[in-house]
Structures are given as C-alpha cells and as structure tokens.
Amino acid sequence: MKSRDGFEVINGLLREEVNRRAVLRALGWSALGAAGALPTGLPGLAHAQAAKRGGTIKIGIFQNIDTLDAHNTTFITACAIHNNIYNGLLKITSPDGRGVEFKPELAREWEIQGDRIHVFRLHKGVTFHNGDPLTAADVKWNLERVKDKQQAPIHAWKLELLEAIETPDPHTVKLHFTKPFPFLRVAFTGSTGRAATILNPRAVKERGKAYGRNPVGTGPFKFVEWKEADYILLEKYPNYWETDGAGGKLPYLDKVLLKFIIEPSTLVAALKTGEVDGINNVAPQFVADLRRDPKLNVFTAVGGNWRCMHMNIAKEPFSDKNLRKAVTFAVDRKEILDRVEFGEGILAHGPISPPMGGFYDPAFETGRNGQYYDLEQAKALVKQSRYAGGAEATLLSINSGTAPRQAEVLQAQLAKIGLKVKIELADSPTFRRRWLQERQWDLVQIQDLDPDETLYPELHSGETWNAGRWVNKDFDRAVEAARSENDFRKRKKFYQDAVRLILEDAPVAIMLHVNEQKIFHKYVKNFQMIPANLINMHAVWLDKA
Amino acid sequence: MTRFALSRVGQTVGVLWIVSVILFVLMRLIPGDPVLIMLGDEFTDEAYRQLRAQLGLDRSLLIQYLVWLGNILRGEFGYSYISHASVADLVFQAYVPTLWLVIASLILGTIIAIPSGIVAAMRKDSAWDYGSMGVAIVGFSMPSFWKGILLIWIFSVHLGWFPAMGYVAPWADFRESMWKLVLPAVTLGTFFAGLVARIVRSSLLEVLDLDYIKAARAKGVGQAALVYRHALANALIPVVTVIGLQFGALLGGAVLTETVFTIPGMGRLTVAAITTRDYQVVQAAILVGVLSVVLVNLLVDISYAFLNPKIRVTA
Amino acid sequence: MRTLDGLTVESPGVTVPTPAAEPGAAAGIGRWWRRFARSKGAVFGLAVFLAIVVMAVFAGVLAPYDPLTQGVGAPLEKPSLAHWAGTDSFGRDMLSRIIYGARIALIVGIVAVLLALVAGVTLGLVAGYYGGVLDAVIMRVMDALFAFPIIILAIAMMAIMGFGVTNVIIAVGVGFIAPFARVTRGDVLAVKEEPYIEAARLAGIGNLPIIFRHVLPNVLAPIIVQGALRVSGAIITEAGLSFLGLGPPPPTPVWGSMIAEGRNFIVMAPHISTIPGVALMLTVVGLNLFGDGLRDTLDPRLRR
Amino acid sequence: MAPLLEVRDLVKHFPLDGGMLTRLLPGRPGRVVHAVDGVSFVVEPGETLGLVGESGCGKTTTSRLILRAIEPTAGRIFFEAQEITGLSPAELLPFRRKAQIVFQDPYTSLNPRMTVERIVGEPILVHRLVASGELRARVRTLLEMVGLQSEHAARYPHELSGGQRQRVGIARALGLGPRLIVADEAVSALDVSVRSQILNLMTALRERLHLSYLFVSHDLSVIRFVSHRVAVMYLGRLAEVAPADELFKRPLHPYTQALMAAIPTIGDGRASIFDQPERLLEGELPNPIDLPRGCRFAGRCPFRFDRCAEAEPELKEVETGHTVACYLYE
Amino acid sequence: MTEDQSDVILEVRNLVVEFSSEDGPLRAVDGVSFAVRRGEIVGLVGESGAGKTLTSEAMLRLVRCPPGRISGEVRFRGQNLLALDEPALAGIRGKEIAMIFQNPGASLNPVFRVGDQLLEAMRLHLREPARSLRERVGEILGRVGIPSAATRARDYPHQFSGGMAQRVMIGIGISCVPSLLIADEPTTALDVTIQAQVLALLRSLARELGVAVLLVSHDLGIISQMCHRVLVMYAGRIVEEADVATIFRAPAHPYTRGLIDCLPRMDGSARLGTIAGVMPGLRSLPSGCPFHPRCPLAEPRCAEEAPKLRSAGDHHSAACLLVGT
C-alpha cells in the first residue's frame, strides 16, 4: 500500500484547495482505548441562552467543489459540506477549537479486538433522508464500494488492507484487516476521511452517475439543490437521529445555503454587507480588519499543516547539501508570516506542528532544534558549498492564493545569499505536471499536512511524490516502521528520528504552520470550530429577530 | 433576402466547424490533463496510464476529435471529468445567468450610449461633446474587474445601496434578480456604452454630412426631424452591426465580471474548467459561447440587411 | 522604333501653374500637426502617450528606487514625500514600480499589436487581394478566431505556453489577429478596385510588388489607427489575465498585476490598486484619444 | 498592312454573385450580366477609334477585355497579328508594353503614396527599359513631353491639379513606348479649359509618336474631335461603326441619331432642343441581365417594326467603311 | 428697369462665403450679386471650384457653419434669408425656394420609401388633409414622368435609376409649387439621353408652373439650351452676366471667350482653343483680377486692380478692366 494521503500543495491552505486531500491529524492525541465509549450528544449546549429554531444560514464558500459523492471527491471543501449531509462511522471533534479528537459517530461502540479486528456497533433508529433505515448491510455495501477501484478509484487504497467484512447482526459490523491499521481513525471519519462515509445504497444504485448531484445520507441536513458554481442548498432533515444535550431535536436551522464566492474581496464584501452570515476562509489581508469588526466572530486556529519548500536534490545546484542547508537558514520565516500571511499562523521549525500533541517536540518552539533564520550562518554555508560565487534556480509555484506572494518574498530572501531565483507560475494541472512528472524545477512551494501521512510519500526514496529525489535509507526505515505501528510511543520515536534526519540532510526548507479561519456574524450561535476545515451546522442556530 | 440569409448560414456552418477544430487543438495543446486532477493525491504512473485509457485520452488526437465531434452532433455532451455532472446541464445552467448579464449590459449600455452619442454629435466640440465622450472613454478604459470591485466596495459595502454579489433567476424573484444585476450590468454596460457612444457619434456625424440630409434640409425639414428621423434611421444601421460585434466582447467581459460578482455563468464555468482541464466542459462551454457569438452575428447581419432596404429589397 | 527621346511636344499653354498648396514632406507633417492639434483630446492623448514613452525609456533615470527591491520603505505606506505613490506590501516603492510598469505596458501593448498587425495584415492582404477560395478559407478562420472572446483565447494560450511577459504578448497578439485581418481585407477589397492598381497590373507589374508597393501603403493608415487603439486593448487584456492569475510572474512590475494584487488590500491600503489603476486608465484614455486624433487626420475616409 | 488590334466576337458575361448554398438551390439557372455580347472591330496603326455609348453599354468592359485586364467569356483578340487571348501572364509582358491605358479619374488612377517620379518610373523599371541610372532622365523627358516640369517629379498626386495628374497618367502610359493607348473616358472628369489642353496634348502625341488610340467616351463632341472612326455601342453590342465625319454627317442607326439629338450644343439662344421632347429618346436602358429578344434597342426605337422583335440585327456594311446593325438598312 | 424690379423674386447682394482654415479665412464666394426674375431660367456657369455650388447652397444657408461663414444679403420677398431664424427659413425652404442636387441617387434618404419622402415635403408646407396629399404623390410622380407612379411610390430610392431619382427630386422640388427652383448640376451624373429627358422635363415644368430656375452647370451647351440669362463665375466671383444669346455670340470677358473656344465643335475643327493653366486655389488667389495670370490679354494693371462688374452693353456686364475701354 502506498499512502499518499495527507499530501497537499500550497494552494491548499492558501484557501484554494483544488484537489487537496484531507486533513488527517492528531493521531497521537487520543490513546486507542479511549475511543470506545464517548457520549454521542453534541457538546456545548449547556449555555444560558436557549437555542432558537428555524432560519436559513448562508455561508460563503471560497471554492467550488466537484461532487457530493463523498467517496469520489478530491476537494477538501467538499468534505466540509458532506459532513452536513452524511455521517461517518467516526467523526472529528474539537473540545477546545484547537486540537482534534476522533470519536465514533454512527457507531455506538467501536471495539478493537487484537490489533487487526475492528467492531462497530451502530446506533439504532438512524434513517437515511429517503426513509431507509441504516443497517450493517448498508455499511458493508459502502465499504465495499470504497474498496472497489472501479467505483471509488480515489480512495480504494485506504481499504486495501481490509480483508473481510462480517455483519453478524443488522447493527454490528466486524472488519478484518491484514495488518495493524493505525490510519483507520482518520480514514473512517465522515468528513475528510471519506472511506467510511455512509451513502444510501439505493440512491447510489438508482441515480448512477447523477448521484454526485443528488446525494442521500443520514446527516442533519438533506440535499435540496445545487446550482453549479452558485450555491448548494441543504434543508433540515426532520428525522435526524442526533439530539442536543437537553435531548432536543437537531438540527436547529431550517436551511443551509452554501454560496460559492471565489473572489476574495467579494467574499469579504458579502460578509460585511450581510449577504452571507459566515465565510469559511479568506485572504489573510482581510483578517485583521474583520477581527476589528464588532459584528463578527472570527474563529481561527493553526491547522495541522506545514508549509515548506522542497529542493530538487537530483539536480544542480541543490544536489549540494551545504547549499540546501544555507537555504534553510536564509528563509526569514517571520517575514513570510508577516508579509504573506499577515500574521495568520505561526513559524514552523520542523514538520510537526504544535497542535500535533504528542508528536510535537516543545524544544522546537525556540527554533534552535529545528530550522531557523540565521543569515550569517546561511552565508557561511554558501561559502562552503560549490556555489560560493552564486547560483541560479527556478522556483515553481502554483498561481493562486498567496503562493505567488510567498515566492516573491523567498526570491528576495534567497537573493541575499547569492541565489538568483526565477519564479515560474503555473495553474494547478500544469503545476502538477511540472512538479511530479517533468521535475524540471529546483525549488517548489508546497503545503503539507501533518507528518504521519506526508513524510512517507514525499520523502521516502522512490515514491512518486518524492519529486525532489531525496534518498536517505535511515529515513526510509524510520517512516516505514511508523506506518504499521499501533503503539503511540514507538511511533513518536520513529517520527522524531525521521524529522532529525530531515533537518540534517535538508531536502526541504520548512517555513510556517498557517491558520484556518471561520468567520461568522455574531448572531450565528453555537458554531464549533474544528480545525480540520469543517463547517458543521449540526447545532448552529441564528439569534436574529 | 433568402439568398443572402442562406449564404450567411452556410458561412456560419463553416466557421463553427473551424471553431471546433481550433478549440479541440487548443485544449489538447495545454499541458497537464484532467487525469492529473482526477487522480488528485492518488497519483501513480500506473494509475495515471489506466485512467487515461479509461477516458480515451490515449487515443490519437484525430480519433478523439472525431469521437467528440460525433457526440456533439448527436447532441451528447457527456459528463464532466471532474464533477461527473452532465455537461449539457452544467452549460445550460451557466448559460442563463450569462445571457441575462449580457442582455442587461447591452440594454443599459445602449440606453446610455445612444443619447450621449447623439448629444455629442449634435453639439460637436462643445463641453457636452467632450464631457460625454470623456465619460465614454473612461467607461471602457478601466479594467472591468477593478471597476467591479470598486463598485462593490463603494455601493455595497460603504453605501449599502446594492447587493455585492450573486445571481437570482428573474423568474424566481424578479425584483431581487434585477437588483442584483445592477452593479454587474453597470460594470459591463459602461464598457460597452463607451464603445457604442463613440460609434453613434461618428456615425451620426458622418450621416449628417451626406447629400440626402442636405436635400432634406432644402425641403424644409426642421433640425429635430432632420436628426431624429432622417439621420438617426441611417446612422443606427452601422451601430447595430457594432452592437452585434460587441456581443463577443461582452461575453469575454462577462468572464471577469462574473468572477467578481459571483455570477454562476459561462465565464466562471469556462475558466474553472480550463484550470482543471475538464475538456468535456471547456469544449462544450466555449462551443456554446462561440455558437452564440456566431449566431448573434448572423442575426445582426440579417437584421442589418433588414434595416437596410438596399439589401432587403434587392437581394 | 521611334524613340521618345529628343521629341518635344508642344506644351499647351505657357506654364502649368501648380495648385495652391505645395507642401513637401515636412510641410505635410506640419499640416497634419495643425489638423491634429485642433482636437484638444488628441493633443492630450499624445501628451499622455509621450509621457508613458518617456517613463518607459527613462525608467532607470526617473524611478527614485529600484522597483524590485523590497523594504525601501515600510510596507503599505501611504503616499508621502519619500514615496510619492506610497509603498506596496513588500515595502517596494510604488512610483518606481509604476514607472517601470509603463515600460512593460508599452512593450506588451506595442509588441502584441505589432505581432497581430503583421500576421493580420498579411492574411488580410492575401485574402483581399487574391480573393476566391483562399479568401474564403482565411476569412472563415478569422471569423472563427474572432468569435472566441479574446480573454478566453488568451487564457487558453497562457495555459499552453506558461506565464510570462512574452507569452502574454503572444496570447494577446494572437487574439488581435482577426480584427486586423478583417480591417485590412476590407480596405484591400476597396483599394484593389482603384484604377492605379489596374494601371500597375496593366504595366505588367507582378502581384507581390503590387501588394507591397501599391496596396499596402494605401491600406496602412486605418491599420495604424486600429493599431493605436488596440494597444490599449492589449494593456487591458493583460490586466484581466493578471486578475485571473495568468499574468506575468512576480516580481515583474506590471500595472495589471499590481491592480489585481492590490485588490486584496482594498481595506488595508486602497492606494495599492488605485494608483496603478489610475495610471492604466490614463494610459488607455490617452491612447484612445491619440488613436482618435490619428484616425481623424490620417484616415480620410473616417475623417470627421 | 495588318491592323494593330483586331477583336472578334468578344463576349463577356458576369455571373451574378451568390454564395455556395444559393448556387446549389434548385431552379435557379446561373443568371449573368451581358456586359459585352459579341463585339468585333479593328484599330489600325496611327488611328483613333472612338468608342461611344452611355453608361452600362459595355464600353469600359470592352476596353478592359482588350487589355486582358479581365478575361473574356468568348472571342479572340489579336494584337499586331498575334493572338493575345490565352497568353500566360509572362507571355503577356511584351504586349503589356505595347498596349497601355489612361484612366478616367485622375484622382484615383495615381497611387497617392507615390511620387510622380516613381509612378512614371516604376513600369519602366519593371520592364528594364533603361538602366536604373538613366531612369531619372527618362522620367524627366516623359514629363516634359506631357507638359510638366522636372520639379513635378518629386510631388505626390494630391499636390497636383486634375489636369496635371492626367498628364502624369499619360506619361506613365507613354513610358513603356506603347503602340496602342486605351483612353477610358480620359477627359470626362476634367473641366472644360483643362479638357481642351489634354485633348490637344493627346492628339499631338498621337501624331508625333504614331500612336493608336481606342478612345472610349460618352461624350460625342469629344469623340468627334479625337476620332478617325467611331463605333457606337448600345447594351453590349455595336450599333454602328463609321468614319467620324461620315457618322456625324449621316448617322444611320436610330440610336446614334437619338444620341446626337440629345447633345446640348451651343445654340443661338432662341430654340431649345429641350422644348422638343418628341425628338428625345424615351425610356431608359433595359436591364442587361434579362435582355429582350431581338434588337436590344427596339424597346426605345421610334422606328421599330415587327422584325426588330424577332432576331438581333448583325452589323452590315451599308457604305464603304460604314456599318450599322439595323434592319432599316437591309 | 422699374418693371423689371417688380418682377424680381430673389435678389442676392454681395454674398460672401468664407471658411476658416489654418491659413486664415478663405473666401470661396466673393461678393456675388445677382437677381432672379419671375419665371426666368438663369444659368450659373463655371468650372469646378468656381463657387457655383456654394453660392447656390449659401442662399438657403445649407452651408455648414462653422466652419463656413456667410455674409451679404439674400432678399426674397423683402426678407433677408440670411437674417432669418432657422424655423422661419425652414418654412421657406422647399415651399418658396426648392433645390435639387447633383447626385440624385444620394439625395434621397435610402431608408424611406420614395413616396413618403415626397409626401413629407408636402406635409411640411401644405395645410391639406393627409389623404389628399397622399393622392397628390401619385399625381406628381406621374407628372415628372415616372411610369406606374402609384406602385413606384412604395419603392426605395436604390430601386430607382439616376434619371428616375432625379425626376423624383424634381417632383419633390415642385410639389409645393415654389417661386424658385435651384438646380445644382442636376444632370451631371446622368447619361446624355437621360439628361435630355430630365432637362426637357425641368424646362416644361418651369414654364407650366411659372417657377423661376437657377440652373447651376459647368456645361455651356446645357446653359445655352436651357437658360434665358447667364452668370459666369470664376474664382468665387461673377465675371460676366448677359442674356443667353449675347453671351455666346459676343462674350465680353476673356474667360468666357476662352471657355467657349475650348469646346470641341461638332463640325470637327482640328484644334481646340485652350486657357492656359488652371483656376487658382483659394489659398493662392492672385492679386487684382483673379483671371489675369491665365488671361491672354492681361495688362500690368490687371494684377493690381480687382475689376468690378461693369456694363458691356444692354443687359450685359463683365468684370474686366478691358471692357468698355
């Protein structure tokens, strides 16, 4: 199995997530056993204020999406929308709006027998929007669909290790895996994981290709209509199975209108004029102003990501390790954060971001253990390299979001160590072709998700995504070991080794962990920030006259 | 008239065929292909080859073209590679808003352009002339996206007079629909108005110099009737042609205007499809767009013939 | 054979006085200028155009700072004495970027138009002069090209060729071929019927010399006018491409890209898009007025 | 001695234009304009043949056909006993030198972007008649011959008067040393006082250079002045050909007679020809697309009789050198 | 003279038309004075550029001003047309003084039916019910010699030949029975036989309706056959005025004489007379008599003194210093 999950180009968190795969993070956060017995009710309803029912919320979405067939989308924004229509066997939650947890959703109980058998016991009384009751057979059908390369070519690999599915009774599903599968908790979330998102089998069969435009799920909202490049309208599903803390019916809202607004200044304008009640991301230039706006609540959190620049080791000049290291010292991360992201994020010194909980090494916070800015040292390293007299390099960048701006800053910073950088912009398909197929670049800007899913495919020798052709056998061994290790402590050790090797050999310059934002008018109540780019409307209500 | 119309229709068919060839070749020349997008993060060389074969992209360009052309001629536009939606649905859904935008801009532009062109011509070299022509030039001198964004921030965010964005079908809510159309139509319409006003002016000036105007004056026709009856009827004939020719430019302008104002039209659809190499959608969308341009030009030619008795009565 | 030499034919009349005006070439320019100068708009247009040319040519002397150097001032500074047009988000001097931007605007505009002009005029000449099937084929292809909105054509071309000033020029240039071909062909059709063309043919002069010596010079005036007007179109098209993220890559100081980039600063620092926007607008207005002036004075058929 | 130019049964039909689709339409035989419909004549060396007729009669088309500016539908043209119909453009070059044209409109017949020197010199250069060093002198000579000064060589056409331009046009034609000059309404656009200058010049040149003219004009008085023989054309056919004196003394064809009657000559100020409308020709030229059967003139002819409607009369010689196409003289 | 005076319907006094140019004002018509009497046909003859057309158009203020500037007096029924306001003048145009132009095809508005254009002229000036006017359309078209007039009234101008279009223009001109018809080169664009038809029509209508005609032409033959009285123009001035018999029998001005000599005679004389050179352009008018550089009889004083019209006999005057001396 080759997992390329968790891979993301820079346009991802640059809020233009064409083709980005999902968020996967915080594997180390919760111990395995903790997953079994969590309450199913939604948190945070113990407020003084009683929820008002009804109303339509309009949310400006920064990107078009491809399909509402959860098993076939490649857009992370689509997952955010899917999560309001579907449920997964598991879900992502965030108690504090910063870290994330994985919990059962449609499963009442999740039990792991040995290290290869997972048993899910389903809630009773769950129905699809078309009235069909949810049974173990439906779950089985869905997992089989995902495993089938013909039907879900994009996610089939996630279930490659799935050997057999048993349904001993209508509400129990027993899965047999060939190896330990620590990635399951990520893959089985109803939002970004997609592998165990439960679609209505009858609807899929009946609607065929058109299903992606006419989805049927078990989620709090049912699909009403989709106007291409305009909006998706969802409507409250009256028989939704989840309840609030007080046992009241969910959801509160009557309708959810997801309005696609891809021009950043218009998105902000629409929010300011109240034409939308909230937006799901924004060009960082606007955030400071929006924070000052007394009418708005701005939710931000550092995402589980690391923004970096890969160096092409297979080519001159970055075959020279000293030059690579010089680059890692020449990058003034603070300047990038200020000029490109306008402070929306934190500096990254290594690939593992602070919200990564157990994997994260606090010593990185000071910078001195990871990569950090030191121009003098950079210059010294250049002198030691074969390119003391200067070198030229092409920086390949996608043409959207803040990527071109970052390229500009990098160009100026690298010029200080005598590196003459030529910026080459490309749109997404061309970018991918140049980057992964042709590999005619020296530097490339990427934004990655957290290490568990990115270190292996991107830096393991011989992998497709390792377009910079870095080869380090020790590193390979470390990430291979981590991938099939269920024990958190051992995995952490493997990853720390891997990170150390990266820092030493410098195939990549690490720069930032950036924020994701959700901005709502203050009358939008009870929105739960889950920094996996989710916009869950399950328990949201509007405090409007 | 029939002969004239028939020969124009014949030409149009030829043009459309050439358009289909240009379109197809152009699209296939663009590096990167839908497979890269469809594979998303699941990219492997093997998967890449497999999916390409599945989509028929590994066949020769000629075969691909013939298959596509055959499908189009049978009215089968296929499914989007990216969204799996029916291309015909996508294009139709996108066509209506664009049509509204273009028509609204045409009407608004014409309403602005014709009177100001007349005023400028009637008072040639006066402050009126300089004023209206100055405004006209500014109208098409601002990049439309910038004009649009300024309009949004001034008239929506700061003054709150008009909605900032969006589209509502006129049959769903007419008032709301028109309300939302104001700023986009102003953006696109002022561009168009600037162009047309200048042409109205020069066309009118040209006609006013002709013999039959002098002859009409010699007959005792008063100044107003001279301009509005005798001159305008002739001066507007070339203006109709220009309006028709500008239809294509308006569609092009709609690309930017739609993006700024979040109108789910052809421009946005096309740009999005190009950036994902969604060949099926791009090809269909541009073909339909070009088809409308060509048809409008055909109609304009024929209406030109109709307006002009010389062609109407003899040909 | 009788020779012509040595024969004197009685000149009828004593002398043949020439009509009033006898301007040489220089006087011709003088007269053209007097006609041109009558239109205030045209003079304004010319002044703007010249100002742009001066900015473009002497950018190195006129620009107070290097347009690419970041941090010559604090980022996003409002216009001040040190930075007349303020600074951009990287602390680069906006005035210097605008001055250098004039250079790129002119290069994009003029080279793209020249490209379109050469290709379009050649096709138009061939189509108009030879007529027949060749004409039909060329003009149908031109019609097809013309039916593509230029911005869409340019988007596709940019996607094919990649991003860069050269490619913007080619993309915009290709988009403008059809109008030039149309204008040229129309004029060639008219000029072709002129007796002096027939005279040349009947003197045994070949087609190519006729096309280049007789036809081309006589269709050139409207083409030049059209060219002047299209330069502004090219600049605006480049701005549109930049807005869609298809402009030349940074840090090239291009007005269109500056406006497009500046739009996200509309709250933080409105001057970043406004100042290049005004520069671009002035240029386009100027070029149009100048083109109008040229048309009124060069192209006798359109003269008003 | 062989005639300089001989034209036999020259025909030119212009197809009415239609697109490809319309040509495919059923039931529409290709309609044509009968511009020239069987014309034969000769021009002798040193002779001026006047070709007179009203607009649309085909006289200009005839002049273009003779010069192979347009291709005839049928008929043959001989120049100096050589058939020139069917020659390739390269083979035509010697003929191009010997047969030249002077146009009607002096304003459009000179390339406005060329100086007089280039206009006159270009054909000479193309035919390599003189070394390029001598071109200037040759152009000067030509200009002097037509009554212009060498200072005019540097001028552009718009800096010249109409008469001067027409002189340049003549100089250009003379540059190649032609034997035949087709003068197509060469003085029609000129004012009276200038016209007489040009007419005198052309006659003088003819005598000195032993030129032949095919002098095409609608103006009978001009034709009368310059021509040795006159051919009268009506709707694509010759109505009458005769020596000038003869024709003007005794016009035979009813059309020629009517034409002459319509000319306003300077009278004594008492009786006006316009007070006798009965002497004037009625009606207008019929449409050259759908021609009536029989004599083309019959519809307007005051003397028409039954036979005129049956078949087209042929040109017949009724007296030596005087031919007429009319049944009245059979 | 007094009887004559009462017959005068139009009197032009010292008419001047100037154009502003880069080189200062250019005088295209320079102090033209003449009178037209009831029912007479007056010829205005001269070569192109002499100012004939401008003179005739300036009388009805049809010259575009600016750049033109018209001064002098055009007295019609005691009113100075040049001093009238636009609506008042419009009431005279077409009703009292009609005009037809050189290019009949271009003088009709291409988008309106011919009958409607004729009707418009009458509706503007005649207070009659529309219906009777509409009937008159067919009548008038028939009267000017248009076959199947009623049907042709519904045709568009481009369906008319030049001759037919000029007949329509004449029809429009006479529709309100004006006192004066100005015909500016009405047949220049027409063929000889058609020209003869149109001129014959014009002459018969003028006689029948008692309309005076100012016939502008460059063609001495037409002038000779059509007119009662002739005005010869040169370089913006009238250089000779006489009745038609006199002017051709005994021209007094050298220019008139030269013009007549230039005509090829139908008797086939071998050489034509010529006038050297060309008419001077407005920018380079010579001093003194404008004709003196081309005049075979010119004397030194001709370059200094601009001659005024002076009597050269009965009803005959010429602007030449040599006349009468």
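In chain D, the loop between β9 (229–234) and β10 (237–243) holds D:L235. Helices (H or I, at least four residues) and strands (E, at least two) are DSSP runs, numbered from the N terminus. This is a predicted model in which local features need pLDDT of at least 70 and side-chain atom pairs count only at pLDDT 80 or more, while totals for chains, interfaces and linings use all residues. Residues are numbered from 1 along each chain as its sequence is written, chains are lettered from A in the order in which they are written, and side-chain values use heavy atoms, with hydrogens and water left out.

- Most residues other than glycine have a negative phi, and most peptide bonds are trans.
- D:L235 is not a glycine, yet its phi is positive, at about 50°. D:L235 is also buried, with a relative accessible area of 1%; buried means under 20% relative accessible area, exposed over 50%, and partly exposed in between (1.4 Å probe, protein chains only).
- E:E185, likewise not a glycine, has a positive phi of about 45°. E:E185 sits in the loop between β7 (180–184) and α9 (192–209) of chain E and counts as buried at 8% relative accessibility.
- A cis peptide bond, with omega near -10°, leads from A:L250 to A:P251. A:P251 belongs to the loop between β9 (231–236) and β10 (255–260) of chain A.
- Another cis peptide bond runs from C:P250 to C:P251, with omega near 5°. C:P251 is placed in the loop between α9 and α10 (255–262) of chain C.

**Chain A**

- Chain A contains 14 helices and 20 strands, and 68% of its 545 residues count as buried.
- Contact means heavy atoms within 4.5 Å. Among the contacts of chain A between residues at least 6 apart in sequence, 71% join residues at least 24 apart.
- A:A210 lies in the loop between α4 (201–207) and β8 (221–227) of chain A and is partly exposed, at 35% relative accessibility.
- No contact joins chain A and chain D, and their closest C-alpha atoms lie 41 Å apart. Chain A does not touch chain E either, the nearest C-alpha atoms being 47 Å apart.

**The second largest cavity**

- A cavity is a set of points on a 1 Å grid over the protein atoms alone where a 1.4 Å probe fits but cannot get out, and lining residues have an atom within 4 Å of a point. Grid points are joined across faces, edges and corners, and a volume is the space filled by probe spheres set on the points.
- The second largest cavity holds about 130 Å³ of space. It is lined by 13 residues, of which B:M266, B:T270, B:G289, C:P149 and C:I152 are the closest to its centre.
- Helix α12(B) gives the largest share of this lining, 4 residues.

**B:S292 in helix α12 of chain B**

- B:S292 is located in helix α12 of chain B and is buried, at 6% relative accessibility.
- Leaving aside neighbours within four places in sequence, B:S292 is in contact with B:Y95 and B:F247.

**Helix α8 of chain C**

- Helix α8 (residues 195–202) of chain C is mostly covered, with 7 of its 8 residues buried.
- These buried residues pack against several elements, including α7 (165–192) and α9 (207–243) of chain C and α2 (59–66) of chain D.
- Just after α8(C), C:G204 takes a positive phi of about 85°.

Methods
1 Å grid on protein atoms, 1.4 Å probe; cavity = no way out; pocket = protein on both sides within 12 Å on 5 of 7 lines; lining within 4 Å.
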